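Okay, thanks for coming, everyone. Have a look first, then I'll start.

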Amino acid sequence: MAYTLSNIVMKNYLVASSSPLTESVERLRCCYEAGFSSAILKSSAEYVRTGTGYGRKVVYVKDGYYADASFEREILTLEEGIELYKKALNHCSSDMLLIPSVSASSLEPEKWLNSCRQFELCGASLIQLDFFYLGTLKHDERFYEKLKILLMCLVQSLDCAVMPKLNLNFDPDKACNILKESGIKTVSLLDSMREIPDPNLGLHENTTSYFGGRQLPYTLKYLKVAKQYGLEVCAGGGVTSKNDVGVLLAAGADMVQVASYILCRDFRAVEELLDNEFCSNIPSEITKHNPWCDYENGEQCEKCGACAPHEIK
Ligand SMILES: Cc1cc2nc3c(=O)[nH]c(=O)nc-3n(C[C@H](O)[C@H](O)[C@H](O)COP(=O)(O)O)c2cc1C
C-alpha cells in the first residue's frame, strides 16, 4: 500500500506533528533517524517578537497533560521558521518530507500569502496552515465567508499545495465543505483542545491546551466528516497507542500524525507506532534525544516547560 500526501509518496504512514519535536534542526534529525516519513515544522508567523510573552508550562494530569504558553513562545517568527526549514533541508530531507507550517491571527490573505510564498521559494511543496490562533474570530458572522476567500486566494496564487489544520473551533461540516469548494485537497487534524483547567494549577485561561486520549473521539469525528467530503486527511490528536494508529487508518486517515506519544517518551518510541516492515533494525543513538528541547546533560532549560522533574497532579 502506498502512503501519499498531496501526491507525494511517503515511505510510511507516520508524520511528526508540528510541536517541540520539530522545533529545531537537532530534533528534526531525530525525527528522521527515528523513522518518521514526514515532519510538520513548528509553526511560524510574520510578526515581531517584543519579549512580552511567557515561557511554556507543562502540567501532567492522570489522563494527559496541559501545556500553557504565550503566542510569542509557541510561534516562531517567519525568519526563524525559514532558517529552520533551510537548515533542515540540508540535514534530513533525503527521505523525510519537511512540511513548513505557517500561522497568523487574522483571515487577511496578505500575511498568509507572504509567509507561504517565502517557504515556497525555498522549495516547499506542501505547507500546513495553522489556524489555531483564529479561534477568537469565530464569533465574526462572516467567518466562513472570509475563510473561503482566504483559501481560494492561496490555492490560486501558490504553486505548492496547502493543508489547513482544523481545531474544535471549526464546525466540521462547514469547514470541510469550504475546504472542498476552495479547491483544497488535504486537511490536517486535529489541533489540541483549549481548556480552562483547575485554577489551582496556575495556568493561564486563554493559552492552555489539553493533550491526551480524551481528544481521539473528536479526531475521529472530524476525520469521518473530512472523508465524506473526499478530502485527503493527515489525522492525529489523542493517539496513545499503536492500536489508535490502526483505528485512524481504518477510519480512512491517509497519514497519521503524532506529537505527545513521542513527547511523553522519546524518539525511540516511533518504532512502537510503526508496522514491522517500516522499522529499522539498527537503533540510532540520537533517538534518545530529549524530544522537548536541546539542553543536554541533565541541564534544565527555562523555556520548554518539560525539563523540570514532574509529578502527576
Ligand atoms: C507544546 C506543543 C506545541 C505545539 N505547537 C504547535 C504548533 O506550533 N503548530 C501546530 O500546528 N500544532 C502545534 N501543536 C499541536 C500538535 O501538532 C498536535 O496537533 C497536538 O499535540 C495533538 O496531537 P497529539 O495528541 O499527538 O499530541 C503543539 C503541541 C504541543 C504539545
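Predicted model: local features only at pLDDT ≥ 70, side-chain atom pairs only at ≥ 80, totals over all residues.

**The ligand and its surroundings**

Gln-128 puts a polar side-chain atom 3.0 Å from a ligand oxygen. With Ala-259 it's the backbone: an N or O atom there is 2.9 Å from an oxygen atom of the ligand. And how much of the ligand does the protein bury? The answer is 96% of the 610 Å² that the ligand exposes when taken alone.

Now, which elements give two or more residues to the shell around the ligand? Those are β11, residues 126-130, and α9, residues 260-263. The whole set around the ligand comes to 23 residues, and the closest are Ser-18, Lys-42, Ser-43, Gly-238 and Ser-260. If you sort the shell by class, you get 9 polar, 8 nonpolar and 6 charged residues. As for where the ligand sits, the space it takes is the largest pocket.

You'll find Tyr-85 in helix α3, which runs over residues 78-92. Is Tyr-85 buried or exposed? Tyr-85 counts as buried, because its relative accessibility is 2% and the cut-off for buried is under 20%. Tyr-85 also pairs up in space with Cys-122: the two are 37 residues apart in sequence, with 8.2 Å from C-alpha to C-alpha.

That's it from me, so over to you for questions.

Key: Residues numbered from 1 in each chain as written. Heavy atoms only, no water. Near = heavy atom within 4 Å. Polar contact = N/O pair within 3.5 Å; in protein donor to acceptor, adjacent residues only side chain to side chain. Areas by Shrake-Rupley, 256 points an atom, 1.4 Å probe, with all protein chains shown as cover. 1 Å grid on protein atoms, 1.4 Å probe; cavity = no way out; pocket = protein on both sides within 12 Å on 5 of 7 lines; lining within 4 Å. Sits in = over half its atoms within 2 Å of the grid points. Helix = DSSP H or I, 4+ residues; strand = E, 2+ residues; numbered from the N terminus. Nonpolar A, V, L, I, M, F, W, Y, C, P; charged D, E, K, R; others polar. Buried < 20%, exposed > 50% of the residue type's maximum accessible area, 1.4 Å probe, protein only.
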